[in-house]
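Here is a short briefing to read alongside the structure. Please keep the viewer open as you go through the points.

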Amino acid sequence: MQNWFENKRFFWATMLAPTVWFLAFFVAPMALVWAYSFGENAGPVNIAITGTFGNYAKAFRPEILQVLSDSVVLALIATLICLVLAFPVAIAMTFADDKTKSWLLLLIMLPFWTNLLIRTYALIAMMRTEGFINFTFAFFHNIAVSLGFNLGDYVPMELLYNKSAIVIGLVYVHLPFMVLPLYAALDKLDRSLIEASLDLGAGHLTTMWKIVVPLALPGIAAGLVITFIPAMGAYLTPDLLGGPNDLMIATLIERQFKRANDWPFGSALSFILMYVTLIFFALRTFFEARGGKVSAH
Amino acid sequence: MSKKPQRAPLEYSKSFRLRAWIFGVLLFLYAPLLILIAFSFNDSKRNIVWKGFTFKWYVKVFENDALREALFNSLIIAVLCTIFSVILGALAAFVLWRFKFPMKGLLESGLNLPIVVPEICMGVGVLMFFNKIHWPNDLPWPISLSQIIIAHITFSFPFVAVVVRARLESFNKELEAAALDLGASQWRAFTDVIVPHMTPGLIAGALLAFTLSLDDFVITFFASGPGTITFPIKVYSMVRFSVTPEVNAASTIIIVLTLIATAVAMKFQDTSPNKENA
């Protein structure tokens with residue numbers, strides 16, 4: 001590595017463009033949001049930056065707090081379901097031969113590269129009242145009826161537009177986020193410890209619970225953070241799968257800009273979301289540092 | 001404990017219960033997508049009972065002017081975003097890899113922010129920024145996409161930088177020193193020695209940027225002026241109202257495009273980071 005002043009012209013030539021772009025189109029907009037979060041609506045289009053904390057105070061109103069806690073709770077439930085679903089997959093990947101391993105990795109990652117909107121739409125098509133799931137249930141229902149069971153007409157289940165639909169959607173979208181850090185952590189595990197535990201008479205489940213899980217804890221923590229953060233800030237999932245009153249923080253922010261026209265409050269909410277995100281990422285870095293190098297890449 | 005003696009103790013991937021679990025997870029991940037693709041070929045408006053094979057929904061997608069225009073816009077945005085992101089990302093990766101300079105740590109972690117910041121926050125920032133500087137909304141067609149393109153470059157190029165940086169780690173710095181010793185100018189050594197080594201990273205990064213741009217909905221939703229429609233935005237407005245085979249067909253086109261981009265990217269990346277992780 002060279003000191004920049006030993007080769008000034010070349011340094012400036014390569015450094016200037018990305019830095020200026022980053023400052024102009026990322027830092028400046030975010031700074032603007034930050035500034036506006038201390039502002040007030042002054043007239044229909046003008047916003048005066050008055051240094052007020054009123055927008056942040058607004059976030060503590062009961063109806064807003066409700067949305068914030070809903071976001072956290074829904075994202076948390078989805079994250080835990082992801083953990084339960086992903087852990088056995090990560091175990092299998094860790095102990096599979098190289099070929100199976102790369103196939104599993106590819107199969108888990110492939111949906112991840114598919115457009116988020118399209119994946120959400122696919123779920124809607126499955127779960128709507130005239131969708132595939134209800135169609136299957138109606139099919140078995142009709143068989144039961146034709147066999148003489150008196151069940152009456154099939155009433156389609158309302159699977160969409162509620163909080164459970166949001167959770168299912170969040171799990172569906174964020175599952176790959178969980179598998180990768182778990183796999184990265186489990187792959188570095190010292191296998192002789194597991195063998196020793198099995199040799200000494202512990203069963204597979206006991207070994208998992210007492211040996212593998214504690215050793216993989218940093219990876220589990222990283223997986224929880226990596227999954228929880230985007231799940232909490234998700235916009236499309238609650239917007240398309242939730243009912244009109246099932247708001248999460250991102251849909252609430254969107255409303256401030258596109259409907260309620262309360263930009264300062266929307267800015268404050270954005271920064272609350274930013275702060276929470278950054279705190280969690282700092283936590284993740286902390287866990288990584290403690291548990292050796294465990295990364296998603 | 002000796003019910004299955006044919007399996008070695010650590011061969012969990014051969015366990016039946018674990019296989020059933022994985023099958024279940026994969027079914028959950030893939031069933032909706034496969035059904036979506038299958039029904040884009042279904043000859044029935046109702047979208048649920050198989051009536052026979054047809055391409056007519058694809059024909060309809062291409063006859064739908066608004067949809068075709070949206071698809072075209074998205075592709076133009078993605079291509080321009082890719083070109084700029086690769087250049088900016090490669091330069092950023094190179095500078096961070098090659099030089100020591102004041103506030104380097106700040107720039108390095110700063111460049112990670114667009115990757116971790118929630119999309120909605122960036123979307124809001126972009127909306128307010130273009131509003132504040134009074135970016136004109138009524139520009140002629142290709143230039144009217146500039147807000148979206150700028151926003152896409154901003155969140156894509158840090159991803160490219162990460163990929164290219166990973167590739168640069170395997171570069172033998174003595175090669176550059178040798179080129180300089182043999183009389184090459186700094187710039188010549190860069191283009192003739194370092195860039196060729198970067199190439200797999202550049203291609204992987206390019207396809208990543210392309211996919212990210214094609215995929216993005218939230219930031220585009222905020223960055224786009226009233227008249228500009230991209231493919232995800234058009235699909236969004238269609239999805240809000242109904243589930244139709246036409247949307248299935250349009251979605252299938254995008255899935256196939258992304259799959260191709262991903263497959264090519266994996267082929268190029270195969271030589272570097274994946275192997276090191278395995």
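Two strands are said to pair if DSSP finds at least two bridges between them. With that in mind, strand β1 (residues 2–3) of chain A and strand β1 (residues 99–100) of chain B pair in the parallel sense, over two bridges. Please note that this is a predicted model.

**Strand pairing between the chains**
- The pairing brings together residues 2–3 of chain A and residues 99–100 of chain B, which run in the parallel sense.

- On the chain A side, 72 residues are in contact with 64 residues of chain B.
- Helix α1 (residues 8–36) of chain A supplies the largest share of the chain A side, with 17 residues.
- By residue type, the side of chain A that touches chain B divides into 51 nonpolar, 14 polar and seven charged residues.

**Chain A as a whole**
- Chain A has 13 helices and three strands in its secondary structure.
- Its radius of gyration is 25 Å, well over the 19 Å that the globule rule gives for 297 residues, so chain A is more spread out than a compact globule.
- Along its principal axes, the C-alpha trace of chain A spans about 70 × 60 × 35 Å.

**Packing within chain A**
- Buried residues make up 44% of the 297 in chain A.
- Among contacts in chain A with a separation of 6 or more, 71% are between residues 24 or more positions apart.

Terms used: Residues are numbered from 1 along each chain as its sequence is written. Chains are lettered from A and ligands numbered from 1 in the order in which they are written. This is a predicted model: local features need pLDDT of at least 70, side-chain atom pairs count only at pLDDT 80 or more; totals for chains, interfaces and linings use all residues. Helices (H or I, at least four residues) and strands (E, at least two) are DSSP runs, numbered from the N terminus. The radius of gyration is taken over C-alpha atoms; the globule rule is 2.2 Å times the number of residues to the power 0.38. A residue is buried if 20 or more other C-beta atoms lie within 10 Å of its own, exposed if 12 or fewer, and partly exposed in between; C-beta atoms are placed from the backbone. Two residues are in contact if their C-beta atoms, placed from the backbone, lie within 7 Å. Ala, Val, Leu, Ile, Met, Phe, Trp, Tyr, Cys and Pro count as nonpolar, Asp, Glu, Lys and Arg as charged, and the others, Gly among them, as polar.
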